[in-house]
Amino acid sequence: MPAAYFRLLAATVAAGISSLTLLEAQTWNMLVLTLGATEWGHLVAPLALAALLPGWRRDRAGRIGAAIGLAAGITSLSSLARAAQVARQLPARLAAAFGDVPARERPGAPARPAPLVLRHVLRGVRSPRIGKTRHVYATHGDLKLALDLYRPAEVHEPLPCVVVIHGGSWHSGDSKQLPALNSYLAARGYVVAAINYRLAPTHRYPAARDDVQAALGYLKGRARVLGLDPEQIVLLGRSAGGHLALLAAYTIRDPAIRGVIAFYPPTDLVYGYNHPASKRLIDGISMVENFLGGSPSTVGEIYETASPTSCTGPDCPPTLLIHGGRDNLVDPVQSERLAARLAVDGCPHLYLRLPWATHGCDVNFSGPSGQISTYAVERFLAAVTAAQARHA
């Protein structure tokens with residue numbers, strides 16, 4: 001009898017965790033748990049399916065536990081099942097949007113063989129270790145702005161550069177955020193510069209955007225020393241960093257910017273202000289007011305000029321948008337609205353919607369969102385740098 005109740009308890013706990021893949025997060029802590037359930041659900045499945053070990057038929061508690069465990073096991077694996085559907089379509093979608101160009105790879109650092117690989121979910125995505133160096137690229141009084149540079153030491157020719165801009169609602173975060181992709185790309189023949197920038201509310205817009213431009217100037221001015229190609233730069237940002245990456249790519253108008261990648265970015269700040277996330281999740285209205293210096297009714301022009309959706313045009317660089325379909329921190333409609341603008345302008349782009357995923361979905365580099373987004377990123381980088389290089 002105790003064994004039967006242990007099965008029931010394990011199945012109930014697994015059911016509670018797996019249910020987060022179906023429910024909308026109402027608080028920040030619930031959002032974090034939902035992120036775990038959707039991107040690490042394969043770790044919950046064994047706990048759930050333990051209720052089906054031999055002996056579950058012997059008593060009522062065992063049978064109930066088995067039924068709950070089976071349902072929880074299926075639910076916990078639903079993210080992987082939905083990811084497999086997206087993965088099957090992704091290579092063709094990328095080729096149609098940007099061309100079919102093989103991803104860069106180096107000895108010991110192969111490109112991803114497919115968008116989703118089960119053994120990588122179970123064992124992790126392995127990549128050579130890459131060292132990094134820190135460089136101060138700008139100084140504002142006592143504030144020194146630094147970037148972390150990742151580069152394969154044994155490569156001597158100039159390499160394309162990926163500038164990574166961290167998230168944090170424009171108020172927090174730093175260049176140490178989610179470093180796995182930085183090392184992965186550097187191991188495959190890119191220079192990766194993860195930058196810091198001035199944060200609100202002490203430093204309001206356009207300070208952060210100007211810092212991105214200053215970092216670009218620093219990298220291009222020291223390209224030979226840093227081992228990068230000053231004419232092949234791609235911007236990549238997450239959340240608020242995605243907003244800054246898009247804004248810089250669309251407003252600086254530098255032909256060296258070959259493309260821009262944005263994970264779950266706010267793109268229309270007026271829309272975001274009028275349709276904020278639940279205040280139990282984040283006080284989005286205060287965040288954007290502190291960033292821009294007021295509300296749309298008081299500084300409406302700034303909201304417009306600071307929104308990537310207002311800055312598109314036919315000469316925008318190729319754009320890759322990645323957004324979770326269950327993101328209720330930054331609504332996926334933000335990426336949808338920008339994708340619609342880019343389509344009207346005839347700008348090469350792809351909106352990669354991950355239906356199971358929520359905000360910060362790429363935090364598990366080996367998870368379904370981490371694998372699929374990495375596949376898209378490395379193919380996008382190869383396509384825009386190779387195509388632009390041939391064009392030049």
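## From one residue to the whole chain

Ile 17 is partly exposed, since its relative accessible area is 32%, where buried means under 20%, exposed means over 50% and partly exposed is in between, judged with a 1.4 Å probe and with protein chains only. The model is a predicted one, in which local features need pLDDT of at least 70 and side-chain atom pairs count only at pLDDT 80 or more, while totals for chains, interfaces and linings use all residues. Residues are numbered from 1 along each chain as its sequence is written, and side-chain values use heavy atoms, with hydrogens and water left out.

Ile 17 sits in helix H1, and together with Leu 9, Val 13 and Leu 47 it makes a nonpolar surface patch of about 310 Å². Such patches are made of residues with over 30% relative accessible area and no salt bridge, nonpolar side chains (Val, Leu, Ile, Met, Phe, Trp, Tyr) being joined within 5 Å and like charges within 9 Å. Helix H1, which covers residues 2-18, gives the patch its largest share, namely 3 residues.

Of the 392 residues, 56% count as buried. The accessible surface comes to about 16500 Å², and carbon and sulfur atoms hold 57% of that area; accessible areas come from the Shrake-Rupley method with a 1.4 Å probe, and for residues only the protein chains shown count as cover. Among the contacts with a separation of 6 or more, 78% are between residues 24 or more positions apart, a contact being heavy atoms within 4.5 Å.

## Pairs of opposite charge

Side chains of opposite charge can pair when their charged atoms come close. A salt bridge is counted when a side-chain nitrogen of Lys or Arg is within 4 Å of a carboxyl oxygen of Asp or Glu, and by this rule the protein has 9 salt bridges.

One of them joins Asp 211 and Arg 198, whose closest N and O atoms are 2.9 Å apart. Asp 211 belongs to helix H8 (residues 207-221) and Arg 198 to the loop between strand S4 (191-195) and H8, so the pair ties together parts that are 13 residues apart in sequence.

Another salt bridge is made by the side chains of Arg 253 and Asp 315, with 2.6 Å from N to O. Because Arg 253 lies in the loop between helix H10 (240-251) and strand S6 (257-263), and Asp 315 in the loop between helix H13 (296-305) and strand S7 (319-324), this pair ties together parts that are 62 residues apart in sequence.

In a further salt bridge, Arg 337 meets Asp 268 at 3.2 Å, N to O. This pair links distant parts of the chain, with Arg 337 in helix H14 (residues 333-345) and Asp 268, 69 residues apart from it, in the loop between S6 and helix H11 (269-274).

| Residue | Relative accessible area and class |
|---|---|
| Asp 211 | 1%, buried |
| Arg 198 | 15%, buried |
| Arg 253 | 38%, partly exposed |
| Asp 315 | 54%, exposed |
| Arg 337 | 34%, partly exposed |
| Asp 268 | 10%, buried |

## Backbone details and confidence

Ser 169 is not a glycine, yet it has a positive phi of about 60 degrees, and its place is in the loop between strand S3 (159-165) and helix H7 (180-187). Leu 178, which lies in the loop between S3 and H7, has a positive phi of about 45 degrees although it is not a glycine, and at 24% relative accessibility Leu 178 counts as partly exposed.

How confident is the predictor? The average pLDDT is 93, and 97% of the residues score at least 70, pLDDT being the predictor's confidence in each residue on a scale from 0 to 100. Over residues 388-392, however, pLDDT stays under 50, and for these residues the model has 3 contacts beyond four places in sequence.

Note on methods: Helices (H or I, at least four residues) and strands (E, at least two) are DSSP runs, numbered from the N terminus.
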